[in-house]
Amino acid sequence: METLKTTAEGVISVKTKEVRAFGTAAADKSLQQIKINRRIPTPHDVEIEILYCGVCHSDLHTARNEWHGTVYPCVPGHEIVGKVVSVGKHVSKFKVGDHAAVGCMVDSCRECQYCREDLEQYCEEGNTATYNSPDKHLGTQTYGGYSESVVVDEAYVLRVPENLDLAATAPLLCAGITTYSPLKHWNVGPGKKVGIIGIGGLGHMAVKLAKAMGAEVIVFTTSASKVEDAKRLGADDVVLSKDRDQMQRYAGKLHFILDAVSAQHDVNAYLRQLRVDGVMVLVGAPEHPLPIAAFSLIPQRKTFAGSMIGGIAETQEMLDFCGKHNIVSDIELINIQKINEAYERLLKSDVKYRFVIDMASLKK
Ligand code: NAP
Ligand code: ZN
Ligand code: ZN
């Protein structure tokens, strides 16, 4: 099949193939089966049959246009694990039959200072996100992993450690790297008391990773049902954040906090847990602004920062780290037909701890 693309040179034709996907036509519509076009692999491309795709809260924020700027139809999904089914003639990292993974990015400018420093996520031109970004090849927007297959330049495709369960590895591609990157950047390790807020997909990975890095890990959760479970994940202690007395236990004691909450919450209550020079990093991206009191930061020289996913080399480093430490996500495997129900449960913090779609169900 041919798709027409408008470029500076005029209208050009690109060879494409139609594949099945699950997507939404508008912010207030459910996801349903649709057809999308994937390009026929160019010389540096890898074509991947998608076996599993994790369900990130960012998929929901984007499908429902909570961050604005969603272009419809929208096909979410950026925690992709699959099998290579064809490769372009210049591909050297992968061969047909290999397992391969794709995370939150499928391209970037490759020339700016950040791309040259393996920080493609902060590309000056903006990285090409796996979904809802302008597609440089087809002129449409990119479509994510809730689909049969994906075609990605090999420079943005990751290798999967052989010892890890494939379905439970999928969430590492976003939840894993998004938490690994700030934990590494702010030197979390032995001797550090670290708080993790919001034990969903990201938060539960942060607990496992911070523990494997050697830190003392304190979980802050709003869910009573997660208190005991968080210890199983590796937490040294758990604070039920709705309990004012429990919130006193670590006041002024933590070196670092990772905030992975998807909705409105009082960040000042958590900044109070930091010691002098403590750092709190936001990875959760709620729809509305989070007010911060000046005196939550000033008296003890505290830092409030943000962090976005991680670069390609760092994503591979994280996957290899997880392979070495036998770390995967705790998942609930679902059929794609359950995706709308899964979104509703995600909003109620009712998943332990990541939905992963068995993509074979798309063919049912
Ligand atoms: P998730 O699985 O839905 O987890 C979010 C957790 O936040 C919940 O499990 C719950 O934990 C807590 N929570 C939810 N509503 C709350 C409320 N009203 N008050 C207090 N706590 C609440 O989501 P996720 O996939 O881990 O993603 C978390 C956030 O990170 C999302 O906003 C997502 O878009 C963002 N994200 C950012 C990046 C990045 O690059 N920075 C990458 C991926 C995702 P408890 O039950 O323990 O309280
Ligand atoms: Zn994500
Ligand atoms: Zn760049």
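1. Basis. This is a predicted model in which local features need pLDDT of at least 70 and side-chain atom pairs count only at pLDDT 80 or more, while totals for chains, interfaces and linings use all residues. Residues are numbered from 1 along each chain as its sequence is written, chains are lettered from A and ligands numbered from 1 in the order in which they are written, and side-chain values use heavy atoms, with hydrogens and water left out.

2. Ligand shell. There are 30 residues around ligand 1, and those that come nearest are His57, Thr221, Thr222, Ser223 and Arg354. A residue is near a molecule if one of its heavy atoms lies within 4 Å of it. By residue class, the shell holds 13 nonpolar, 15 polar and 2 charged residues. In this scheme Ala, Val, Leu, Ile, Met, Phe, Trp, Tyr, Cys and Pro count as nonpolar, Asp, Glu, Lys and Arg as charged, and the others, Gly among them, as polar.

3. Polar contacts of the ligand. A polar contact is a pair of N or O atoms within 3.5 Å; within protein, one must be able to donate a hydrogen and the other to accept it, and residues adjacent in sequence count only if both atoms are side-chain atoms. The side chain of threonine 221 places an N or O atom 2.6 Å from an oxygen atom of ligand 1. Two further contacts use the backbone: a polar backbone atom of serine 307 is 3.0 Å from a nitrogen atom of ligand 1, and a backbone N or O atom of glycine 200 lies 3.4 Å from an oxygen atom of the ligand.

4. Cover and origin of the shell. On its own, ligand 1 has 920 Å² of accessible area, of which the protein covers 89%. Accessible areas come from the Shrake-Rupley method with a 1.4 Å probe; for residues, only the protein chains shown count as cover. Two or more residues of the shell come from each of α1 (57–63) and α5 (201–212), and α1 gives the largest share, 3 residues. Helices (H or I, at least four residues) and strands (E, at least two) are DSSP runs, numbered from the N terminus. Domain 1 (2–174 + 310–363) and domain 2 (176–306) each supply at least three residues to the shell. The domain bounds come from an automatic or database domain assignment.

5. Helix α9. In α9 (residues 339–347), the buried residues are Ile339, Ala342, Tyr343 and Leu346. They lie on the same side of α9 because they cover an arc of only 105° around the axis. The arc is that of the directions from the helix axis to the C-beta atoms. Buried means under 20% relative accessible area, exposed over 50%, and partly exposed in between (1.4 Å probe, protein chains only).

6. Positive phi. Just after α9, serine 349 has a positive phi of about 55°. Serine 349 sits in the loop between α9 and β17 and is partly exposed at 39% relative accessibility. Isoleucine 309, also not a glycine, has a positive phi of about 25°. Its loop runs between β15 (303–306) and α8 (312–325). Isoleucine 309 is buried, at 10% relative accessibility.

7. Cis peptide bonds. Tyrosine 72 is joined to proline 73 by a cis peptide bond with omega near 0°. Proline 73 is in the loop between α1 and β5 (80–87). Lysine 352 and tyrosine 353 are also joined by a cis bond, with omega about -10°. Tyrosine 353 belongs to the loop between α9 and β17.

8. Phenylalanine 94, in the loop between β5 and β6 (99–102), is buried at a relative accessible area of 5%. Its C-alpha atom is 7.7 Å from that of glutamate 154, 60 residues apart along the chain. Glycine 126, in the loop between α2 (113–116) and β8 (128–129), is partly exposed at 35%.

9. Leucine 362 follows β17 (354–358) and is buried, with a relative accessible area of 1%. Aspartate 320, in helix α8, is partly exposed at 40%. The C-alpha atoms of aspartate 320 and leucine 254 are 28 Å apart, at a sequence separation of 66 residues.
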